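Trainee: I would like to work through a structure one feature at a time. Please give the general idea before each case.

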Amino acid sequence: MFVELGHFALIMALAVALLQATVPLWGAHARHPQAMALAGPAANLQLVLVVIAYAALTWSFLVSDFSVKLVYDHSHSAMPFIYKLAGVWGNHEGSMLLWVFILALLGACVANFGGNLPTSLRARVLGVQSLIAFCFLAFLLFTSNPFIRLDPAPFEGRELNPLLQDPGLAFHPPFLYLGYVGFSIAFSFGAAALLEGRVDPAWARWVRPWTLLAWSALTLGIAMGSWWAYYELGWGGFWFWDPSENASLMPWLAGTALLHSAIVVEKRDTLKAWTILLAIAAFSTSLIGTFIIRSGLLTSVHSFANDPGRGVLLLMIWALLTGAAMALFALRAPAMRPGGAFQTVSRETALVLNNILLCVTLFVVMLGTFWPALVEVATGELVSVGPPYFNTVATPFFAALVLLMAVGTLMPWKRADLPVVLGRLKWAAVATLIAGALALWLRDGGPLLAPFAMMLGAWAVFGALADLFGRIKLFRAPPIQSWNRAVNLPRAMWGGTLAHAGLGVAIMGIVGVSLQTQEHVEVLQPGETIDIGRGAIVRLDGSREERIANYEALIADLTLVENGRETPLRPEERLYPVAGTQTTESATIRRGFSDVYAAIGGVRGENGLVIRVWRHPLVYLIWGGAIIMFVGGMVSLSDRRYRVGAPQRQKSRKRAAPDPAPAE
Amino acid sequence: MIRRVALSVLAASALFGAGLSGPAFAVQPEERLDDPVLEARAREISRELRCVVCAGEVIDESNADIARDLRLLVRERLVAGDTDQEVRDYVVERYGEYVLMRPPFSPRNILLWAGPFALLLLGGGLAVYFIQRQRGEGSAAAAPLTAEEEAELARIMAENAAATRG
């Protein structure tokens, strides 16, 4: 009953989406107020209908209704509650429904919080947004219907893929999808601006919070995926350059570029056409990602059931949306005149450089990801493009980006004086050198490159701090005045500082793990030990087999002994009999920002085990940095320029005269 | 029970191409060479050779039988005195270019390796052109307001004036 209701609601949502994608767009074109006014209620109705469908599917997962094929294929009555709940998006159909849900949710948010948008722009944004929703609702209903029934209903389900039975499943996909789908709003705003035929600072101000939201969510989603892979895949890698990881990195890079170029449109009314192009690109690359993960064109560690038929349809949706937007762009962009002029050495130029480097990095990721497919189509030969390529080619561009980042943030708009800017960075440079010396002194194995690479991260952190300290006049004004300046600094400024510093922190973590990881592998009999350096050993006390919930586990009882202090470590190997798969559960002990990471590497004889132990220096800085970036995004999102609008609130702000320094 | 299953899963995963990333058995202690220098070179090479039946794993991390065979082969060649490049060529000869995670600098791969740098030059050139041009133009006159915007502006001004009076 609920299931049919959900199914019906989804079909109705498709009809509403079609209506919303046509009438308001026509209304905006024909200047018909009633037709334009339809967009808001339609967006809300669409959301209600999709929520009903989503709730119906969730309900059938929670009560283990195996008459629904999707539940039968991906759930089991013995699974813990959280995996039944998260199991909804642990499969192709359900995750597409989550996609559509976020699409409708964001559309309704624009409808309800976009009251200050000009009527025609609002109608057009919602129309385009609904066009996207229509495509995906149709895709969902015609190729990936989650509500298909089984008759007779089986008694028990086939269980969720054990690799997905992890708390990571509950958090990683929703944030990732919020990121992917969030860029659809930027896309809709971009297409709407092209239809309107004008882009101005106000447009940039409206589109920025949505981009910030999507970017922050994507940052966190990617970081969670990385953390999940780190502890689940059994050897402590945090990034694999796998096609589906690249699929999430591409919109992140495009979105980061968009975030920065939109600042230029907002503050200086220039780079307009380029910014529109990036708004299109951010969502377009999100769609490519969806295509990669679901088409099976590119083999990947964590793709869903691959179906070339679905892949072709997704490619068509991608081509339709991107093609239409690009055609519109070609027609309308040449008419966009740049506004504020600027000198060669200026903040504007720094942001153009930022965009170029980000786009080249995006190109590297895209080229490397699709190269094997291109070569296969052209020559029929199979080739690989793996991590060594990406690391070699992408790193120089990204390093250049980070190197210039600190300089760029200190540059004023219009015209900058390079010696002055560099002069303001001298303490940051000294601090970076000290950090480098420290990294060299603490170095424990690893190449000599590591301390230098570490300095890059430190430079980003100290550069961001130099900017902040300069703005609040720390040490140059009485502390109380600095404090007041800090309190009155625009939140967007704080957000930018946090995001830049967070990136620096993440870089230090990446460098630590990539260049200084130590590995120890031994066959251990009970009582034997591995020396892992720095006065620490790992001892195998024994091993046992246990039957827990829906799996059997082989558990190794290890003890980490550091200067007489003993800490247990219990890596597991799990066998899920229903699904017939085996997973590795590593055990980690955190020491500062670093990890001692242990995994079972195999069975030797009656009691012997292959034990692998790694030291991952600074690994937590990777995700810590990402969290700082996310917080930065949220702080920036709370900036008052997105909250104002009500005139009565303006008065109280008068006394807090903001610093004339540029905010971002 | 699971000990026996562990071994059978190992065999099965080798048969069916490991599918999703399974347990990480990867390089085993028994496979290691006694000479630490040679072993380090073997690891370095193994990290850039693809396990041909796995989903994007390198032989150093993979638990498939064929990956193990390749790991042993790499070590055998190194012990026989091959240079790193000779070992890679030897493996490519048998398994094709597909095993190389780092695509070689060959004419076919010129776009792959040089493309990003060419794009950087192109982007840089375009940026220089754009920046010079807009500098020359100076600040273009602001676009005139539309009738709607004029009305909106008048309304806001009136509202503000009213607010100031009140």
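Mentor: Start with accessibility: buried means under 20% relative accessible area, exposed means over 50%, and partly exposed lies in between. The model here is a predicted one. Cys109(A), at 22% relative accessibility, therefore counts as partly exposed.

Trainee: Is Cys135(A) buried or partly exposed?

Mentor: Cys135(A) has 10% relative accessibility, so the residue counts as buried.

Trainee: How many disulfides are found over all chains?

Mentor: A disulfide is a covalent bond between the sulfur atoms of two cysteines. A search of the whole structure finds zero of them.

Trainee: Where is Leu5(A) found, and what is its relative accessible area?

Mentor: Leu5(A) belongs to helix 1 of chain A, which covers residues 2–30. Its relative accessible area is 41%, so Leu5(A) is partly exposed. Sequence separation and spatial distance can also be read together: Leu5(A) and Leu49(A) are 44 residues apart in sequence, with their C-alpha atoms 9.8 Å apart in space.

Trainee: How many residues of helix 8 of chain A are buried?

Mentor: The count is 23 of 30, so helix 8 of chain A is largely enclosed by the rest of the structure.

Trainee: Which residue caps the N-terminal end of helix 8 of chain A, and which residue follows the helix?

Mentor: The cap is Asp166(A), with a side-chain oxygen 2.7 Å from the backbone nitrogen of Gly168(A). After the helix comes Gly197(A), which has a positive phi near 85°.

Trainee: Last, the cavities. How many of 30 Å³ or more are there in the whole structure?

Mentor: The search finds five.

Trainee: Which helix gives the largest share of the lining of the largest cavity, and how do the lining residues divide?

Mentor: Helix 19 of chain A gives the largest share, six residues. By type, the lining of the largest cavity has 13 nonpolar, nine polar and two charged residues.

Technical notes
Residues are numbered from 1 along each chain as its sequence is written. Chains are lettered from A and ligands numbered from 1 in the order in which they are written. This is a predicted model: local features need pLDDT of at least 70, side-chain atom pairs count only at pLDDT 80 or more; totals for chains, interfaces and linings use all residues. Side-chain values use heavy atoms; hydrogens and water are left out. On a 1 Å grid over the protein atoms alone, a cavity is a set of points where a 1.4 Å probe fits but cannot get out, and a pocket is an open set with protein on both sides within 12 Å along at least five of seven lines; lining residues have an atom within 4 Å of a point. Grid points are joined across faces, edges and corners, and a volume is the space filled by probe spheres set on the points. Helices (H or I, at least four residues) and strands (E, at least two) are DSSP runs, numbered from the N terminus. Ala, Val, Leu, Ile, Met, Phe, Trp, Tyr, Cys and Pro count as nonpolar, Asp, Glu, Lys and Arg as charged, and the others, Gly among them, as polar. Buried means under 20% relative accessible area, exposed over 50%, partly exposed in between (1.4 Å probe, protein chains only). A polar contact is a pair of N or O atoms within 3.5 Å; within protein, one must be able to donate a hydrogen and the other to accept it, and residues adjacent in sequence count only if both atoms are side-chain atoms. A disulfide is a pair of cysteine sulfur atoms within 2.5 Å.
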